[in-house]
Amino acid sequence: MTQPTTVTEDTITDAAVARWATAHDPRTAELMTALVRHLHDFARETRLTEDEWMAAVRWLTATGQISDDKREEFILASDVLGLSMLVVQQNHRLDPAATPATVLGPFHIDGSPEKASGEDMSDGLPGDPLFVHGSVRALDGTPVTGAVLDVWQSDADGTYEAQLDVDEARLRAKYTTGDDGGYCLRTIAPLGYAIPMDGPVGDLVSRTDISPMRPAHIHFLLAVPGYEPLITHLFREGTEFLDSDVVFGVRHELVVDFTRREPGPTPDGGHSEVPWYEARYDFVLQPAG
C-alpha cells in the first residue's frame, strides 16, 4: 500500500506550488504559483498566528459582504494599499508627453447620459459653477474628433452617486469632442473628501495614522478607438491633501488651476450671473499598439 505523503512546514510550499502549476492556462499557473509562494513567505516572515489568520479571513469576508453593484470595497482596499496605482503604472507606460493615467476608484458607473458641449452635469446641485474645457489630441498634435469623455465626481458633501440611494444620474455625464477636438463641460467645483470609513477598509485605516482624505478632483475616462485607453483625474491646484492622497493617485501633470471668474461670458458661449471657475486642460492620447 502506498504511504500518504505528509507535508511539513518545510515542504508545504513546494507541494502547493506543484499543485497549482497544473493549471490548464499557463498564465493562471504563473499567477497562482507566484501567489502561493508570496503568501507562504508572508506567513513565515511575520510568523502569522492562527488568530491573525482568522481575523484576515473575516476581514475579507466582510469586504465581500459590504460590496454590491454600486460599492466596490475590494477596489477601495486595493487603492489604499497602493496596489491599484502600481498596476496602473505597470500597464500604462505612456510617452512622457501623453496624459498620465491614474486609478479608476470604486465609484464609476457605466451608462452615463450624453450631454451637449457646455451642458451642466450638476443639474442645479449646490456648489460653485465650474467650466472645464480644452481639447483632446494625439501625441503629434492632431485633434481627436468624436472622442467621448466619461466624467464623474463627488458632490459638495464629498459623496458620489454610487453612495446614494438614487435612480437618476448624478454628477456624471459623457461629452464628445467636436471637429477641432475641443470639449467643454459644466459642473460644480469638487471638494476634497474622505474615503468611506464605515466598512472594513475604513476600519483598517482608522487603526493607523493614514489620512483618509482625497484631494479635490474630477474623474475622466477616455476609450477612443486607435488610442490607448485613459483613466485619469484632474486635481485642483492648491487644494488640501495633494501630498497625502490616500490612494496615491496624484500626478503633478494632472494638477490644474481653477481660476475664479466674475459674472459674465462663459466658455460655452453663454453667460453666468454669478462668479464661476474655469479650468483648462488638453488631454493627450497615445496611439494604440
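User: Why is Y193 called buried?

Analyst: Happy to start there, with the note that this is a predicted model. Y193 has a relative accessible area of 6%, and buried means under 20%, so Y193 counts as buried.

User: What about F107 and Y160, buried or exposed?

Analyst: The cut-off of under 20% applies here too. F107 has a relative accessible area of 9% and Y160 has 1%, so both are buried.

User: What makes the pair of Y160 and Y193 edge-to-face?

Analyst: Two values decide this. The ring centres are 5.4 Å apart, and rings pair within 6.5 Å. The planes make an angle of 80°; since over 60 degrees counts as edge-to-face, that is the label the pair gets. This pair links distant parts of the chain, with Y160 in the loop between strand 2 and strand 3 and Y193 in strand 5, 33 residues apart.

User: Why is the pair of F107 and Y160 called stacked?

Analyst: Their centres lie 4.7 Å apart, with the planes at 25°. F107 is in the loop between helix 5 and strand 1, and Y160 is in the loop between strand 2 and strand 3, so the pair ties together parts 53 residues apart in sequence. A search of the whole structure gives six aromatic pairs.

User: How do you know that R236 lies over the face of Y277?

Analyst: R236 is 4.9 Å from the ring centre of Y277, and the distance limit is 6 Å. The definition also asks for a position within 35 degrees of the ring normal; R236 is listed as lying over the face.

User: Which residues have the most contacts inside the largest nonpolar core?

Analyst: They are V132, V136, F220, L222 and F283, in a core of 30 residues. Strands that each supply at least two residues of this core include strand 1, strand 7 and strand 14. Leaving out residues up to four places away in sequence, V132 touches Y183, C184, L185, I218, F220, L234 and A279. F220 and F283 also belong to one aromatic cluster with Y183 and Y281.

User: What makes helix 4 mostly covered?

Analyst: Six of its eight residues are buried, namely E73, L76, A77, S78, D79 and V80. These buried residues pack against helix 3, helix 5 and helix 6. V80 is also in a second, separate core of 10 residues, together with M85, V205 and V246 among others.

Note on methods. Residues are numbered from 1 along each chain as its sequence is written. This is a predicted model: local features need pLDDT of at least 70, side-chain atom pairs count only at pLDDT 80 or more; totals for chains, interfaces and linings use all residues. Side-chain values use heavy atoms; hydrogens and water are left out. Rings of Phe, Tyr and Trp (its six-membered ring) pair if their centres lie within 6.5 Å; planes under 30 degrees apart count as stacked, over 60 as edge-to-face and the rest as tilted. Helices (H or I, at least four residues) and strands (E, at least two) are DSSP runs, numbered from the N terminus. Buried means under 20% relative accessible area, exposed over 50%, partly exposed in between (1.4 Å probe, protein chains only). A nonpolar core is a set of buried Ala, Val, Leu, Ile, Met, Phe, Trp, Tyr and Cys residues joined through side-chain atoms within 4.5 Å. Contact means heavy atoms within 4.5 Å.
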